[in-house]
Every structure is written in C-alpha cells, then in structure tokens.
Amino acid sequence: MEFSTLTALISRAQALVPSRRILLFGSSSLFASFPDVDPEIIGTAVTLDADFFIEPDDEDSRRRLDAELGEDKHFHTETGRYGDFVDLRLSDSFPAGWRDRLVPMPGFEEVFALHPVDMAVSKVAATARSRLALRMGRDAVDRGLKDINTIVALLRAGRLDRAALDERLRTMDYEPALIVECGRVMADIYARVAGKYFLAGGT
C-alpha cells in the first residue's frame with residue numbers, strides 16, 4: 001500500500017458514505033502516524049488492503065462500500081489495492097481507551113486511525129489466536145509472518161515503543177492460553193528484531 005493509494009481509497013469511501021466517521025485499523029492505519037515514511041520502513045509495502053470501520057455502522061453501507069472498493073471490485077482491479085469494511089463490533093477486542101488515542105488522518109476530516117501501539121497489540125493478539133487455532137485443529141489458515149514482520153520493521157526503525165507495547169499487552173484481559181501465546185509471539189518478534197530466527201514461527 002502507498003500513501004497516495006490509501007488517500008484515494010478514503011476519498012472514494014467518503015463519497016459513497018458521506019457524513020460518516022471513518023476509522024482505519026490494521027497495517028494501513030500506520031500511514032496516519034507516518035505519512036511521509038517509506039512503506040518499507042514501517043512494514044506496509046506488501047499490504048494490499050486497508051481495514052475500515054464506519055460510524056455510525058450499518059451492514060448496508062458496508063455492502064455498498066465493498067461493492068465499489070472491496071476485494072476483486074473496480075478499485076482493486078484499477079490499483080491492486082482494496083478496502084475491507086468491517087463490523088465495528090470487532091473493535092471490542094482493542095485495548096481499553098483506544099478511541100482516546102486515535103490519530104487524525106492527514107488531509108481529511110472525520111478520518112482517524114489506530115495509534116501504532118494499539119495496532120501492534122491487535123496484530124499480536126490476532127497472530128496468537130491464529131496459532132492457537134492451528135495448534136488445536138480449529139483452523140487450517142496460517143496468517144503467516146506478515147503481521148509479525150510489520151511490528152519488527154516498526155521496532156527496528158524506532159517507530160514503535162517497545163516498553164509501551166509490552167505494557168499495553170499486559171493490560172489486556174485475555175484468557176490464559178492467549179496470554180501465553182501472545183508471549184510466544186512477542187518472543188518471536190524480539191528475536192527477529194535481534195536477527196535471531198530460532199524461536200517458534202521463525203525461519
């Protein structure tokens with residue numbers, strides 16, 4: 001994903017659902033905090049989609065957005081990138097207080113993005129859930145290393161505060177198995193930052 005492509009996607013979304021607040025999460029949300037940084041440095045160069053909530057949220061609006069801007073739709077064939085318009089209830093899994101830390105999207109009104117630390121917490125938890133599901137045979141889909149590599153890139157570039165990430169993860173009210181798995185994911189991330197790939201999930 002490039003910043004110019006993301007801004008074009010947001011502009012199209014605003015035209016389709018005017019008077020809605022748009023919230024970005026996922027890797028593309030990093031562009032709000034680092035609009036002038038090379039995507040390679042913040043780990044978003046391989047990101048094909050941008051994840052959005054809309055407020056107020058309703059399924060009909062999400063369907064309308066997806067029909068124009070979603071995967072395999074016109075914007076995707078035109079640019080190679082697309083939007084994923086998600087039920088706002090997914091945000092229930094974000095760290096407490098995430099709304100207070102939202103970052104305004106440069107050049108837009110009523111468009112905001114997750115703070116990088118909150119984004120990283122959500123990525124760690126999603127990777128941990130995926131690994132648990134694979135291990136227990138509940139899912140056959142592997143998220144791969146994309147999310148981990150994004151966090152590694154941010155830490156290596158000094159764009160993510162390690163202490164803040166660790167502290168915010170400690171505040172999450174996860175079930176014990178997920179807490180343990182998040183710890184394994186973080187160990188994997190820190191090993192990769194240090195250039196060591198011998199832990200679970202390494203190569």
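Mentor: Let us begin with Phe53, which counts as buried because its relative accessibility is 1%; buried means under 20% relative accessible area, exposed over 50% and partly exposed in between, with a 1.4 Å probe and protein chains only. The model is predicted, so local features need pLDDT of at least 70 and side-chain atom pairs count only at pLDDT 80 or more, while totals for chains, interfaces and linings use all residues. Residues are numbered from 1 along each chain as its sequence is written, and side-chain values use heavy atoms, with hydrogens and water left out.

A pair of aromatic rings is described by the distance of the centres and the angle of the planes. Rings of Phe, Tyr and Trp (its six-membered ring) pair if their centres lie within 6.5 Å; planes under 30 degrees apart count as stacked, over 60 as edge-to-face and the rest as tilted. By this rule the protein has 6 aromatic pairs. One of them joins Phe3 to Phe31 in a tilted arrangement, with 6.1 Å from centre to centre and 50° between the planes. Phe3 lies in helix α1 (residues 3-16) and Phe31 in helix α2 (residues 30-33), so this pair links distant parts of the chain, 28 residues apart. Phe3 is partly exposed at 25% relative accessible area, whereas Phe31 is buried at 1%.

Phe53 and Phe94 form another tilted pair, 5.9 Å centre to centre with 55° between the planes. Phe94 is buried at 8% relative accessibility. Together with Phe25 and Trp98, Phe53 and Phe94 form one aromatic cluster.

Notes: Helix = DSSP H or I, 4+ residues; strand = E, 2+ residues; numbered from the N terminus.
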